[in-house]
Amino acid sequence: MSGVLWPHSIWLQAAALAGFVLGGIYAADLMERLLGRYVAGAGVRAGALLAGPFREAALLLSQQRSRTERPDAPAWALAPMLLAGLAAVAAGTVPLGPSAAVAGVDSGIVLFGAAMALVMVCVFLHGWSANSFAPLVGGYRFVAQALSFEMPLALVLIAAALPAESLSFGEIVRSQAGLWNVVRQPLGLPLYLVAALGVTFQGPLATPDAADLAGGTRAEVSGAALLAWRLARGAVLVAVAAVGAATFLGGWSGPWLPGPAWTVLKTLALLAVLVASRHLVARVRLERFVVVAWAVLIPLALLDVFLTGVFLL
Amino acid sequence: MGLKDRLGRLAAAAPAPVFVLAGRGTARLAPALDRLALDPRLRFVDSPRQANVLLLAGGAASRLLRPALRVHDQMSRPRGTVWWLPGEERSPAALRLARTLGLAAGDLVDPDRPDHADPAGGAEAVARAIVRRHRELVTGVRATEPAVLPDEEPAPWRGVGPFGQGGEGMMGGVPYGRPMAMRGPDLSDGLELDRLPVRLGPFYPPLPSGLVLDLDLQGDVIQAVTVGANPFDRPAWRGDGDRHGRDGDPFAAALTRPVPLAVLERARARHHLRWLARVLALLGLDALGRRVLGLSLACAPVTARVADAAEGNPADDLEPPRRAVEDLARRLRSRISPITPPWGLAGATRGVGRIARSRLAGLGPVARAAGLPDDARSDDPAYRALGFEPIVQRSEDAEGGDAWTRLLQRLDEAVQALDLALRAARAGDPTVGGPGVVGSAGRAIEGPRGRLIPGGDPPSARLLALVAELLEGLEWGDAVIALASLDLDLEEAGRGPLPGRTAGEREPRRPTRADRTHRSHRTRRKGEVA
Amino acid sequence: MAALGAAFALLLGTGIAFAVLRFVGDLLQPPGTSAPQRVPFAGGRPPEVHAWSRYHVRYYAMALLFLAFDMEMVFMYPWAVVFVQEGMKAFAEMLMFIVILVLGILYAWREGALEWA
């Protein structure tokens, strides 16, 4: 199956990955709008909904890129580029089909963890470079949040690596041939989703770009720079959803449809949960939530690891 | 370029990004502004950088002019302006400003023109003007407005100083035009790092419109607060108490003439729901906020003029919104709601913004949320005839209400208000207030923010006096929620004393400068007032 | 190794793509700004000082705790790979290690290092 759908050439593989990520960004935007309109009780016009992301992208491209008085111009320009690059690397470690990962390293979990850790640097730079009050506060807030949520994220992935005896995502998917990890390790997927919300600043943990900071790190950003930031954010979300699908929902395994189609469906399912949280859960008070992350999530994640270990012995 | 045209056409079809500056007289424009907020052709953004069109709503107060020009210049190109200017605000100064900004005749929309007397209150005309301006800008039909303020650096720095960038020594001088923050004492853990002075202006979206704050921050904790002068304060209007009523406030109008009870209660419900929509948007739940805003529009008639509204409202249209608001209140209230969203509201607001009960007399929902059964409607025979009982939140501790109890309180009051309005319509439409009734026997009108005493200060002015002590020591996110929970309206505070005279015919007390600006540097534990 | 090279190529390629996007945006709408346009937005008043300052990062104690746990992660990655074949011994050793670190979290919590305003 994969030989039919997965090209050999590295360029075509990269193109397929880019299509996957861009399609995921578009789908995530659509799902968020759709749910937003449903919650707001407003009507939905299909044409406007489907064309909406493209129209907004065109609007942003036609707008000027703002500057502030004494920004850190290289860091400000680098932040969205690096964020998108990290998302690409993270998405590259995920096998879209059997032996079909663009960058399927043997220690995929480590590479993914490293990419997610550097997301903190990107968001902080994006906030700090503008040299303005609201983005600065947003950047520093996110560092506290990212530090707290890195650990649960890495720990649940390690728990998934235990039965696979390998850190590669391909092996993890293969180890779920009998039973998906979402059933074998019930604590894993909920913890992963919460940690994913924290690391990708989505929904209730959208603290760096919050409304109570007049837009936070994107308060001084407009035009193509804002488009780049939003695309990069969407790409990170898709990568995180794809990793979650591979680790907990069995990746490319499933009847009738080819492998990559299953990956796409499962990624879309997790994306739906991640973007829906925005309209359903209020933004948390970060000071309180840091305590929850350290006192509740990390012990639960450790419990997840040790329970899995006990059942494997 | 063909690409540019194609992009321009795509961009023109997108919702127009609008940044709203609320000027004088937005109380009358409020229902129409809400309709604009719900309009799918527009998108209200929270930073002028991302806006294409600047909507000036209301008249130009003199202290709002320069901030408005600064915000205008901070917009990124292409920029355009639409001014929603009522006829009575069209002073020569305002028209001169419009010319400076480069507004064409179509960009100045008058909400009072005869053909805008439709129920939408001119919202449609403004929406069309905004969308037209957005399309013209994006497709290049009309040029972007140039910057109005002179292109000058804040301080000369090029070539100044030993490093050529205006700085002196380690941190002195004005590098790149502005000085740098210096160290200062810290309230919470005593580690002295830089104290950042932040000047937040009248148009900062997380703060109530018109609030001017000078803050000193260490990290994101507020160390010192100075509330600036109210830009809506207009000394020429002091003593003209009827200004309140003319600006569309039915509660203040009830101080001088009888107003139907149903009108008052509908306006109260609308007010509280509007407040709730704003708080939900601040907490990230803006889709739910839009739903609540739609509910608020369904509660009250759209014509904001008190005279028209006093001619009676059919109550049949109240039953659906009443049920919807009751359902919403039930959902938001349940702490353990595994099935029905939204989740996390209690966690985001509990414990934020406590004020000691002793300071809250006569302050309406804020006082009742703290457990004080202080409601002027309990003394009114019309309300008593309908079976009115003041709603009070049970406070578990002696401290007083926080943002969560205030949210619950306003929700409960909105449900109660719609209930009362329905009952009033069925009981023959009693009226409340009037010059003889109010003031005698100590009766006053209960406004949505607090008790309205004839000749006294509006409740917003009293709430404003609490701000400085409330914010000191709070972390930024908590400060924004605490401020929002107070429900400040600086325009109401700036209109001066309420109309009518007390029984003793005293001269109304004019608020002095000392009441409005309050500098506070005392070391104090976080979040506690008095 | 080829996979790691592919990852690096993905990083570079995406970075270049976004740089091109930025360039295209600059072509469509030139970024030339005037001094009043560059003033940081704070609601209509100009700022008093530069925002860059020695920001009081109140969560520094929590950051130290994070460092300790990060070092634990470094050990857990290879442990996960060899766990099944090493069996009970590996389980017990990692359990001891984790318990010590969890005591660290408890201590930090009681000392208030996790609450920082």
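Buried residues, those with 20 or more other C-beta atoms within 10 Å of their own C-beta (placed from the backbone), make up 57% of the 530 residues in chain B. This is a predicted model, in which local features need pLDDT of at least 70 and side-chain atom pairs count only at pLDDT 80 or more, while totals for chains, interfaces and linings use all residues. Residues are numbered from 1 along each chain as its sequence is written, and chains are lettered from A in the order in which they are written.

The secondary structure of chain B consists of 20 helices and 15 strands; these are DSSP runs (helices H or I, at least four residues; strands E, at least two) numbered from the N terminus.

Two helices of chain B, helix 8 (residues 261–282) and helix 18 (residues 476–486), have axes that come within 10 Å and cross at roughly 175°. Helix 8 of chain B is therefore roughly antiparallel to helix 18 of chain B, a term for angles over 145 degrees. Axes are lines fitted to C-alpha atoms over the stretch in contact, with angles from 0 to 180 degrees between N-to-C directions. Two residues are in contact if their C-beta atoms, placed from the backbone, lie within 7 Å. The table lists the residues that make this contact.

| Helix of chain B | Contact residues |
|---|---|
| Helix 8 | B:R278, B:V279, B:L282 |
| Helix 18 | B:V480, B:I481, B:A484 |

Between chains, 55 residues of chain C are in contact with 60 residues of chain A. On the side of chain C that touches chain A, helix 1 of chain C gives the most, with 17 residues.

Definitions and conventions. Angles under 35 degrees count as roughly parallel, over 145 as roughly antiparallel, 65 to 115 as roughly perpendicular and the rest as oblique. A residue is buried if 20 or more other C-beta atoms lie within 10 Å of its own, exposed if 12 or fewer, and partly exposed in between; C-beta atoms are placed from the backbone.
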